[in-house]
Amino acid sequence: MKKILAIAMALVLVLSFTACGQKSSSSEAISSESSSAAQSSEPEETPAEKIDVKIAALKGPTAIGMVKLMDDAAKGETANNYEFTLAGAPDEIVGSIIKGDFDIAAVPTNLSATLFNKTEGKVKLAALNTMGVLYLVENGEAIQSVADLKGKTIYATGKGSTPEFALNYVLEQNGLKVGTDVTVEYRTEHTELASMLAAGQADIALLPQPFVTSVLMQNEKVRVALDLTKEWESATKGASGLTMGCIVVQQKFIDEHPEALKTFLEEYKASTAYVTDSANLDAAAELVVAQNIIPKAPMAKKAIPQCNIVFLDGAEMKTIAGGFLQVLFDANPQSVGGKLPDESFYYTAP
């Protein structure tokens, strides 16, 4: 009996040791599998490196469409690092664009052709961002048609760019010659001219939005006399649209960072859509004020819907810009830099 009991106890001990051994082996196996799984799992994808992009724009409609993008960039919420420079007049940034200091710029549409010619094709047109925003405003009721401008003095801004050439073309098509029938005096910045008009120091002025709205809010005697966009369409018999602003890009940037450019255009398009959505008008106005483009939100709210902000690229861009530049070239070749750009002037996303 004792012998049987001893054998039974020995058997129990053997089974216990076997079970422990199996449990240990099982734990090691699980640990090994977990380790292998961790080692075999692919590492998390590293975010693409952000590209630094230098962008220039003019204070006015050409920059208003960018304000949401500017705000997103300041918060670090954009795909790339955007550094913005805002200028009061085209001549403040033309030299830097020609030297390649800016990768992308928002400029008058006719200036884009001049830049293309001056840089021998190193600056390309990528999109249109502003259609007609020019208005002749006056203190009084004397100007009811273009013919009424004969013998008058017009104060204007934008010498050497779209406002000058558009005004000259409209006047000439109505039988008026600058320097003979009409005197045009230019000021450097829109803000200076707006202040003159608001203070009653100028009777007739050619101004773009949002400065027209600014003047109307400051001086109730000032009124919009003529819409230059309508006068342009009448002068061209509907053959061309008056496009005021556009986006240009350096060929070097296109070659070196095609994906960054594609992303910028997508983000910029979204920014213009945000700004022009009436549901976002209050927020957009605050962003415009934050960028010192318009001094006060109520003024910005009235001006933004009148600024004709768009985003047009591809075939539509080529059609509108091509017709516009042709009209300017026919009237004055120097308005587009001496010659019409060829097909390589137009950048279209691959």
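**Figure 1. Contribution of helix H7 to the second largest pocket.** In this predicted model, helix H7 supplies four residues to the lining of the second largest pocket, the most of any element. The volume of this pocket is about 270 Å³. Its lining comprises 16 residues, and Thr191, Phe211, Ile293, Ile294 and Pro295 are those nearest the centre. Two or more lining residues come from each of helix H7 (190-198) and helix H8 (211-218). Sorted by class, seven lining residues of the second largest pocket are nonpolar, seven are polar and two are charged.

**Figure 2. Lining of the largest pocket.** Of the 34 residues that line the largest pocket, Leu58, Pro90, Pro108, Gly158 and Ser161 lie nearest its centre. Helix H2 (61-64), strand E3 (104-108), helix H5 (109-118), helix H6 (162-173) and strand E10 (243-250) each provide two or more lining residues. The largest share, three residues, belongs to H5. The lining of the largest pocket consists of 14 nonpolar, 16 polar and four charged residues.

Figure 3. A polar atom of the Thr78 side chain lies 2.6 Å from the backbone oxygen of Asn80. When residues up to four places away in sequence are left out, Thr78 is in contact with Lys50, Leu69, Asp72, Ala73 and Glu267.

Key
Residues are numbered from 1 along each chain as its sequence is written. This is a predicted model: local features need pLDDT of at least 70, side-chain atom pairs count only at pLDDT 80 or more; totals for chains, interfaces and linings use all residues. Side-chain values use heavy atoms; hydrogens and water are left out. A polar contact is a pair of N or O atoms within 3.5 Å; within protein, one must be able to donate a hydrogen and the other to accept it, and residues adjacent in sequence count only if both atoms are side-chain atoms. Contact means heavy atoms within 4.5 Å. On a 1 Å grid over the protein atoms alone, a cavity is a set of points where a 1.4 Å probe fits but cannot get out, and a pocket is an open set with protein on both sides within 12 Å along at least five of seven lines; lining residues have an atom within 4 Å of a point. Ala, Val, Leu, Ile, Met, Phe, Trp, Tyr, Cys and Pro count as nonpolar, Asp, Glu, Lys and Arg as charged, and the others, Gly among them, as polar. Grid points are joined across faces, edges and corners, and a volume is the space filled by probe spheres set on the points.
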